[in-house]
Amino acid sequence: MVDDFELEILELEEEQARRRRRSRVVSSFRRDVPRTSKARPAPVLLDHVIEGWGSKGGDVGGEKGVRAPTAKAPTKKTPPLHSSIYETLNNLFNASTREIETERRIKPNNPEFNAQFNYAKNYIKTSKYTLLNFIPYNLFEQFQRLANFYFLCLLVLQLIPVISSLTPVTTAVPLIGVLMVTGIKDAYDDYQRHRSDNQVNRRKSYVLRNGQLAEEMWSKVEVGDVIRMENNQFVAADVLLLSTSEPNGLCYIETSELDGETNLKSKQCLPETEEFGQDVGRIGSFQGEIRCEPPNNQLNKFDGTLYWDNQAHPLDNDKILLRGCILRNTQWCYGVVIFAGKDTKLMMNSGKTKFKRTSIDRLLNFIILGIVFFLLSMCLFCTVACGIWETLTGQHFRIFLPWDSLVPPEPAGGAAVIALLVFFSYAIVLNTVVPISLYVSVEVIRLCQSFLINWDVALCYAPTGVHAKARTTTLNEELGQIEYIFSDKTGTLTQNIMTFNKCSIAGRSFGDIIDPRTGESLEINEYTRSVDLSHNPYHESSFKFYDHALTDALDASDPSCELFFRLLALCHTVMSEDKNGKLEYQAQSPDEAALVSAARNFGFVFLSRTPNSITISAKGTEEMYELLCILDFNNVRKRMSVILKRDGKIRLYCKGADSIIYERLKDGQESLKYHTQEHLNKFAGEGLRTLCLAYKDLDGEYFQNWKARHHEAAISLDRREEKLDAIYEEIEKDLILLGATAIEDKLQDGVPQTIANLAIAGIKIWVLTGDKQETAINIGYSCQLLTDDMLDIFIIDAHTASEVEDQLKKYREEIRNVNATSQPQTNLSVVTFSIYSDEGVGQDTLSDAGEPNGGFALVINGHSLVWALSPKFEQLFLEVASQCKSVICCRVTPLQKALVVDLVKRYKKAVTLAVGDGANDVSMIKTAHIGVGISGQEGLQAVLASDYSVAQFRFLERLLLVHGRWSYYRMCKFLRYFFYKNFAFTLCHFWFAFFVAFSAQTLFDPMFISVYNLFYTSMPVLALGIFEQDVNAVNSIKFPRLYSPGLNNALFNKREFFRSALHGFLTSCVLFFIPFGAYYNGMDQDGRSMADQQTFGSVVATILVIVVTVQICLDTSYWTMFNHITIWGSLIFYFLLQYFYNFVIGGEYVGALAKAMGEPMFYFTSLLTIVVLMLPVMAWRFYWVDVHPTLSDKVRFKQRHDAKMASKRSDHDMLRTPSARRSRRSIRSGYAFAHQEGFGRLITSGKIMRPRNPKPGAMSNGRTSNLRPDANRVSVVAPAPSTVEV
Amino acid sequence: MPAEDLEAVMNKFKQQRLPAWQPILTADTVLPAFFLIGLLFIPLGVALLYFSENVQEFQLEYTDCESITHQLADGTKRPCKEVIKETTDVCTCRISFNISETFEKNVYLYYGLDNFYQNHRRYVKSRDDDQLLGRVNPTVNSDCKPFATDSEDKIFAPCGAIANSMFNDTLRLFRKKDSENIKLIKKGIAWPSDRKLKFRNPEGALNETGAFKDTVKPLYWTRSVWELDPDDPDNNGYRNEDLIVWMRSAAFPTFRKLYRKIDHSQEGFINGLPADRYYLEVDYNYPVDSFGGKKRMILSTTSFLGGKNNFLGIAYITVGAICLLLGIIFLIIHIKFGKRAGDQLSINQNTPYSD
């Protein structure tokens, strides 16, 4: 949610950070990527993210924000030089290279002139393939995957007869299968892209052609065309605004697709062109020349000049509508296309979505590389051994087995050549340690897990029926390893609904319902009866207030109460509107809306305003006030006042932060001040947002005097702001305190509990918000991120590098001091302060004692973050931040959100998750390892960019603690078993090598080798990967610490892999040598020899299948019927297939297994092998479960115990932090106000008041335009998904 | 399954609440298992060892045996392995041996080869199963090379290195006192399944014009394939049991293959092979000398488990003993260090994952 997202970041600092960053990115790429082509800059996502958000000036609502004193940052962009093979190929297929543009020249209505520059057309193409190039291009892409390439090499080797130790079919069939499945998926994806491209390209727009308006498809729009846009339409290209339907050449746009901000922005055309109106003839004959900058991706910058009638008109960003914007509150407008198609800023910003991999994926790649080396060293060993054997024995054995014709006949040379060939032969035989089916199985498991997430009804938000959705199916197990959660605030933690909850009027607190018997305040729940306000014709049914005392006081005409609500009805910048006979407010901030609407419901209804009057209805009687002055709000003043005149009396009404108001109160209200302060503290303790209200009567003469000086200050040219502030300060003093309001920024359901539970699980939660510091801190308290028992809350709000550094260093010292005093007693382990270490206060304070206590929290402001994120201080910042239990970054830009995530990603080897709901979270969602979008009511950008979408923040708990944990647990178990079974299988060949003269003879039937992974052993482990659960869902949430193996990467890491591999290695050894001992010189009961290679191979293969199946039985801890079916089914299937293949199809090994199984020896051998292999595993596991049970073991034990008890006793409710509504004494201020400056001026100037008589033609499409100057209205217009390219 | 049941199962599957058996390794199950396995394996091992010990076996290496047919002029005997390098004549040698204890019937006669790599990759694949199944094709499996065709492009029958190198010593047993050639049975030595499924003669009479038209005998053979046992058509050609036995390539470089069975119907051998002095007469053709191979004659009886092999018995006893030992150790560990049920159940949300 972005409404209260405010931008006040120093443009220059941003720019600098960006440029520093870019140069680093580029240089790091230069190292990594071979430079094959310099011609074309390759788009890099990070670059785009950074560029795109780069120079976000404070031009929201016309305010310029705090600008850096120095000159504009250089805008010339050096094209990044890096490129890759991929890019080269991409160019090959989409060949269209152009000269690099330095200046763009456009003549409107002059296609001939514009055509000479060959500007990009408005046709866009995001698809990758065409029908013709699909097969070669897709194959090329697929073989870029290391695994596929590896298997391709194997296949080629197998085709060479001298080397081939296995038929090529064993590799070809699975490889072709994998390629086909991937190919079909890619084709489908690209088909979707073609469709969405077509959809966008076919959108209609009105183009002026030969003096006539003609309907054209977007793809036909060209640079230099004049197009007409209408209300609620998407802008087709980047256009220069010529004329609009609105006064002063204004037009309003919503830029949610570009920057995620749903508030309206105004654009204004040149006064000269405004005169065109919608006179098609005049526009058609408009003959100027536009010279402007070449296409770039900076959304908030445009430089150009219009030469027309021998005059040069400067053009800036204010006159440009960008592709992807939606026209709002504007009937029509005309514009000249400046950038089209892929040159538009939107397209320049649409980086390729980065392909995310899980840490297990990366580990897997590393492991597989390791395995390949292991494989090669085994091959090398066999090569040497083979060479020795051929020299010693083989050359003499040639009488029975001559060497191949291509091998040189002399002994030494021949042996060498044979040995060399054997190297490759063994590479083929032993390749099954890296089975191709691993990749396929992993994908299948992840896909199933994703479906399970999608199906989970516990993740379904009942009111809307929105399910959680795994939009990326390849990241599930990473959900079980999240260490940092970066959360947006508004719309994610909160509902963005402000409710007037409590108030303190004249030292009396209202809002709590007191139990008449106990005198304690009652919890308000959905059954609590609210106060009936229906006698008021203006009341809103959605407004709920529970304390009857307040209405009683109002009914009794308590003067303080009446004054209190009158102030609320008067002192604001809300606009009213009559919508279908209903009064509606449009407020600039949700806080104001809540306050004004509260006054309305209590009978003090704000009815309407003009630039110099306000009309309210107070308890049914209309009152009109003359508006003399609005002393507008800003962040320094933290208050706003209005000066009104009625019946000759002039009065100033003021509302603002408690500290500010208190400083300006008239002396002698000590008792009232004291009581109100008490109430303020109580409100703050409950996480409510407070404002103090005060008033003052003014003397007419004094006011006139003041007014004159005010006017003087207002028109002064230098230091106007300063002068105004001083003049305001002068009049806002000696106020009389009225009371305080408390507004609840409603949290989403279950947020504090979720955060508490996730914290117990060891997950650190950072809140990154565009909100102001006070608001953010306030929310931090209400959702338990900040608590009063914290040791300290560090606030970093400095504006310069050195100050930020000082603050950071100070806090680091403080943390060290605390650690130094507390650590040695509580924890004997060595605590390192390395920033790479996760040990520290943050974790340790989550001690076993129960409720996490103490610890630090860090609150950092966006402008300080600029410095904290600079390369110089980022490590310092991270060191401090990671020692804090919670971190809140406020007033951050979308770019900074991404940078913070990136910082943690880079320096901590931790898995990060970003959750957000608005377009301003997109960059962060894309940067984090896992992005979660809240599929709320707002636009879809966050969801579209996300990997998972959930309807509510609280679902994260189940998503991580249940699904994530299970997925991780399953995937790890799966991988461990998978490597085990393949080592056990493949290394049998290695042992056999010692007996077959290292000739790469396989032990097993080639048929067995090709289907071992596919048919005999894949199903049970797939079932394990899908159904396995150690602990059920309820207990997974109840015992959040079960999450810690994922955090510590404990279930699958190099050590675990090594252990599995070793297990497999030893298994293969036993598997080979026990049958070897039994079958050596073996014979049947009739004396026939049984020690032949086929029998031995079949025996080992059969025992292998049994052993790995028994092993998975041991591994499976959750036997659903599917596990039974797959496990027993695999065994049965093995024997059936053996029979079928050998006896029906006529396999080479026909009869061997049947013969072996006809002899008792087989059964004794099998039993012995199985027991020898399983016994140590059982013993080992039993030891750990019995002596050092993990929490998981204990919970399983408890689970079984509970089931046995089967008692009806209801389970004790979860031991959650009982503090969600704990009452505490707080001495902090609850002041928070999401308000922007500047609206007071707009109101008094009348600029945004609708003209009474709209221009003729304004109603062209019959829609009523509703002016929505406020930023805080929730947009109901969700952009079409297909066009979201940011 | 009725539709609604299926739906209920589907729903449980989707919500991951399928009913499931959740076994846990506890002392109640694991410790008895250890003791049970231990108590089962030790007697089993003893029994297996007993069977193995009951098997009688006699081995006689004859690689270096001296010729009785080829002598130097001065009368010194020459080993056959030298003789066969010089001449293609049959070199016969004779070795006497003593059986000190009667071999219970049935007694089997084996030839054994040492350091002979029948399992070498190129050797193993150098055969044509189609050909051995009696299918007549114009060409044979290229893996047979260089024993696929002769210089005139005639196909070897059978082709390949395995067939070409078929063991061709002839072993005869004599009882010393009567110099009587002990009757040996040459049928029933190959696997019935092989004879049934893998080896068939081509259609036609078993001669060079019939079934084996356009073929030649393998290079190293002295007889053609249809002359392997002219007396018995069922044991001739590809169905010759000596050939079938040889074609089943051994798993290890040291192996034995059944050569003959002692005919216990003849007088004196009704109950087995009586303790006595015997001699072995060999028509020595097969060269193993060059690559350090060895040739043996083996006489053996069988048991329920086949041949003599103490491995399984010893292994069973060892594993059983280890099991018992582990059982005891774990019992002690469990009593001294094992977590009690109470400990296991007293957990809360702040219980650390592992202690």
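Buried residues are those with under 20% relative accessible area, exposed residues have over 50%, and partly exposed residues fall in between (1.4 Å probe, protein chains only). The model is predicted, with local features requiring pLDDT of at least 70 and side-chain atom pairs counted only at pLDDT 80 or more, while totals for chains, interfaces and linings use all residues. Residues are numbered from 1 along each chain as its sequence is written, chains are lettered from A and ligands numbered from 1 in the order in which they are written, and side-chain values use heavy atoms, leaving out hydrogens and water.

We may start with the charged pairs. A:Glu540 belongs to the loop between β17 (508-510) and α15 (548-555) of chain A and A:Arg600 to helix α17 of chain A, so the bridge ties together parts that are 60 residues apart in sequence. Helices (H or I, at least four residues) and strands (E, at least two) are DSSP runs, numbered from the N terminus. A:Arg600 is buried, at a relative accessible area of 3%, whereas A:Glu540 is partly exposed at 22%.

In chain B, B:Lys177 and B:Asp276 form a salt bridge, their closest N and O atoms being 3.7 Å apart. The loop between β8 (170-175) and β9 (180-181) of chain B holds B:Lys177, and strand β14 (residues 276-284) of chain B holds B:Asp276, so this pair ties together parts 99 residues apart in sequence. B:Lys177 counts as exposed at 60% relative accessibility, and B:Asp276 as buried at 18%. Back in chain A, a network of salt bridges links A:Arg637, A:Arg639, A:Glu663, A:Arg664, A:Glu729 and A:Glu732.

Aromatic rings come next. Rings of Phe, Tyr and Trp (its six-membered ring) pair if their centres lie within 6.5 Å, with planes under 30 degrees apart counted as stacked, over 60 as edge-to-face and the rest as tilted. There are 109 aromatic pairs over all chains. Among them, A:Phe565 and A:Phe602 have ring centres 4.8 Å apart and planes at 35°, so the pair is tilted. A:Phe565 lies in helix α16 (residues 559-570) of chain A and A:Phe602 in the loop between α17 (590-601) and β20 (604-610) of chain A, 37 residues apart. A:Phe565 is buried at 0% relative accessibility, and A:Phe602 is buried at 6%. For A:Trp766 and A:Phe877, the centres are 6.4 Å apart and the planes at 70°, so the pair is edge-to-face. Strand β27 (residues 764-768) of chain A carries A:Trp766 and helix α27 (residues 874-882) of chain A carries A:Phe877, 111 residues apart; both residues are buried.

Contact (heavy atoms within 4.5 Å) takes in 119 residues from chain A and 98 residues from chain B. One salt bridge is counted between chain A and chain B: B:Arg248 pairs with A:Asp1092, with 2.7 Å between the closest N and O atoms. Helix α40 (residues 1160-1187) of chain A gives the most to the side of chain A that touches chain B, with 18 residues. B:Phe147, in the loop between α5 (129-132) and β7 (155-156) of chain B, is buried with a relative accessible area of 4%. Beyond its neighbours within four places in sequence, B:Phe147 has contacts including A:Phe400, A:Pro402, B:Phe156 and B:Leu219.

How values were computed: Salt bridge = Lys/Arg side-chain N within 4 Å of Asp/Glu carboxyl O.
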